[in-house]
Amino acid sequence: MENRYAGVSVLSWAQLQGESVEATAKVNGTFTLSDGSKVQLVQGAKLSLPRWAVKELGSKLEIGATGLKTKDVALSAWMEENDPKTLKDLDPLFYARACYQLSGGEEKELRAALSELLSLRKRKIMEAAMSGRDDPRFYSAMTAEEKRFYDDLKGCVEEWQDFLVRVLSGLPPIEGKG
């Protein structure tokens, strides 16, 4: 069974892979990338390439610190926890960045901070959907993945409410069947 949020996340992942990354060449040479394009590297020269190309060239490049920092994620979690009614803005590619960074190896502290932040955001989104809250500012602070989750959950809650109204009104679940 396909995860219904994966489709939304695929778009974020594609955007992330196409983002430019600044790098410095560690070697000289011309290299062919998987898309057939050629990249000329001159040792010590700075260049900007899409993230996917940087990954392909690997050890031939030196890249600066990119990605999520544990202290920034922990601060975001603290801010979410200390303001229970609002949702803080996240980078639209936050989930893709987290996945990309964690796919590179074990980062226990970052994983723990991410888990805390995502748990807090999930709780806030669930509470908002269950209460029927329609706050444009709250909604705009969500990533595409979170918006999909909120919309799905809100739809389920509304259907359940409609069902309860029918039950309490004495209406059978199937029209015309008494």
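The chain has a radius of gyration of 23 Å, whereas a compact globule of 178 residues would come near 16 Å; the radius is taken over C-alpha atoms, and the globule rule is 2.2 Å times the number of residues to the power 0.38. The model is predicted, with local features needing pLDDT of at least 70 and side-chain atom pairs pLDDT 80 or more, while totals for chains, interfaces and linings use all residues. Residues are numbered from 1 along each chain as its sequence is written, and side-chain values use heavy atoms, leaving out hydrogens and water. Along its principal axes, the C-alpha trace spans about 80 × 40 × 30 Å.

Turning to secondary structure, the chain holds 7 helices and 5 strands, arranged along the sequence as α-β-β-β-β-α-β-α-α-α-α-α. Both are DSSP runs numbered from the N terminus, with helices (H or I) of at least four residues and strands (E) of at least two. Of the 178 residues, 29% count as buried, meaning under 20% relative accessible area with a 1.4 Å probe and protein chains only, with exposed set at over 50% and partly exposed in between.

V42 sits in the loop between β3 (38-41) and β4 (46-50) and is partly exposed, at a relative accessible area of 43%. Beyond its neighbours within four places in sequence, V42 is in contact (heavy atoms within 4.5 Å) with A25, V27 and N28. L118, by comparison, lies 76 residues from V42 in sequence and 42 Å from V42 in space, C-alpha to C-alpha.
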